[in-house]
Amino acid sequence: MAQPTIKLNSGHDMPQVGFGLWKVDKETCADTVYNAIKTGYRLFDGACDYGNEKQAGEGVARAIKDGLVKREDLFLVSKLWNSFHDGERVEPICKKQLEDCGIDYFDLYLIHFPVALRYVDPSVRYPPEWSYDGKGDIQLSNATIQETWTAMEGLVGKGYAKSIGISNFQGSLILDLLRYAKIRPATLQIEHHPYLVQETLLKLAAAEGIAVTAYSSFGPQSFVELEWQKAKDCPILFEHPTVVEIAKKHNKTTAQVLLRWATQRGLAVIPKSNNQGRLQQNLEVTNFDLDQSEVDAVSGFDRGLRFNNPTDYLGTLHIFA
Ligand SMILES: NC(=O)c1ccc[n+]([C@@H]2O[C@H](COP(=O)([O-])OP(=O)(O)OC[C@H]3O[C@@H](n4cnc5c(N)ncnc54)[C@H](OP(=O)(O)O)[C@@H]3O)[C@@H](O)[C@H]2O)c1
């Protein structure tokens, strides 16, 4: 069945439901991507930081070789890591990521976080993650978002990315970026689930014609997997009585209700699952409708609870000047 798409301000169509690649093990990643394509996924949300771009690319290459899809049927997303924000670092790292993935363009390339870190040469450590020395010492770079965005625009000009976008940006920073952007961000990727609805940010994105992709749609679930106490202390959304009741009524799983709550409100979703059955059900989240009262009830869980907040888990910042 053809999946619905979202028309981006760049003119390209983005599948509304995709597959997230964070925490997909290197060992299983190629097979997972291959099987996800076989199941019907067309969008894959990757990143330098996920450490599995080579393996994801192997899965894509095998699917193309076996005739499951053509490259142009896929929508491959990746992200610029924080250590590569300096203007002159953007194109070389994007080209390395393309080479790792075995492709010659990304459909969408995002600034992963609005945080510029001191450059780490890929030959020293890759992906570099958050710290400069790999041991916890975090050092900033002086690159502004304007410098980085200008270099991102250059990727479109050279054909390395069809669309460019942002992730983990808040409203005021988006408004600032729009003052100088020659190419507007096509998408904004944010943590979004019933405990973190961010209604005003969604309204701003809609008003500015920026499509929103929700990540961590199951709220604490993704972070329980990482053994984070903040997530363990939080009521599991899959067991919330309201979600359970809505799921029973529509004969769907609670995961499908949570994803439909987002897609019905116009957002794209990119759930990750290392399990074939769950991966399949996560794709089938646009072919039924919740009642408006059900959508409102789930939106009512909002408590401004953010899990992916770097300041929660990063230590002292040392300014690099
Ligand atoms: N831009 C950013 O900064 C950023 C940050 C975080 C994530 N992301 C992107 O967003 C994607 C999704 O977010 P996420 O990985 O944080 O979390 P998620 O997709 O919300 O949740 C993943 C968790 O839910 C479980 N799960 C998946 N489907 C399920 C189902 N149908 N029923 C029950 N449990 C299910 C998974 O376990 P199993 O694997 O065992 O099924 C895993 O524990 C990432 O993979 C990544 O591509 C982007």
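Colleague: At which residues does UniProt place the feature "domain: NADP-dependent oxidoreductase"?

Modeller: This is a predicted model, where local features need pLDDT of at least 70 and side-chain atom pairs count only at pLDDT 80 or more, while totals for chains, interfaces and linings use all residues. Residues are numbered from 1 along each chain as its sequence is written. UniProt positions follow the numbering used here, feature names are shortened, and annotations may be inferred rather than shown by experiment. The unreviewed UniProt entry puts this domain at residues 18–300.

Colleague: How far apart are the end C-alpha atoms over residues 18–300?

Modeller: Helices (H or I, at least four residues) and strands (E, at least two) are DSSP runs, numbered from the N terminus. Over residues 18–300 the chain is 42% helix and 13% strand. The end C-alpha atoms lie apart by 26 Å.

Colleague: Is His 112 buried or exposed?

Modeller: UniProt, in an unreviewed entry, places a "binding site" at His 112. His 112 sits in the loop between strand S6 (106–111) and strand S7 (138–139). A residue is buried if 20 or more other C-beta atoms, placed from the backbone, lie within 10 Å of its own, exposed if 12 or fewer, and partly exposed in between. Because His 112 has 20 C-beta neighbours inside 10 Å, His 112 counts as buried.

Colleague: Which residues is His 112 in contact with, leaving aside its neighbours within four places in sequence?

Modeller: Two residues are in contact if their C-beta atoms, placed from the backbone, lie within 7 Å. For His 112 the partners are Ala 47, Asp 49, Lys 79, Leu 80, Trp 81, Asn 82 and Ser 167.

Colleague: Which elements do the buried residues of H10 pack against?

Modeller: H10 is mostly covered, with nine of its 10 residues buried. Among them are Val 257, Leu 258 and Trp 261. The packing partners are strand S10 (211–215), helix H9 (241–250), strand S11 (268–269), H11 and helix H12 (292–299).

Colleague: What is the handedness of the crossing of H10 and H11?

Modeller: Helix H10 (residues 254–263) and helix H11 (residues 276–283) pack at about 35°, with axes 9 Å apart. Axes are lines fitted to C-alpha atoms over the stretch in contact, and angles run from 0 to 180 degrees between N-to-C directions. A crossing is left-handed if the near helix is turned anticlockwise from the far one by less than a right angle, and right-handed if clockwise. This crossing is right-handed.

Colleague: Which helix gives the most to the shell around the ligand?

Modeller: Helix H7 (221–224) and H11 each supply at least two residues of the shell. With three residues, the top contributor is H11.
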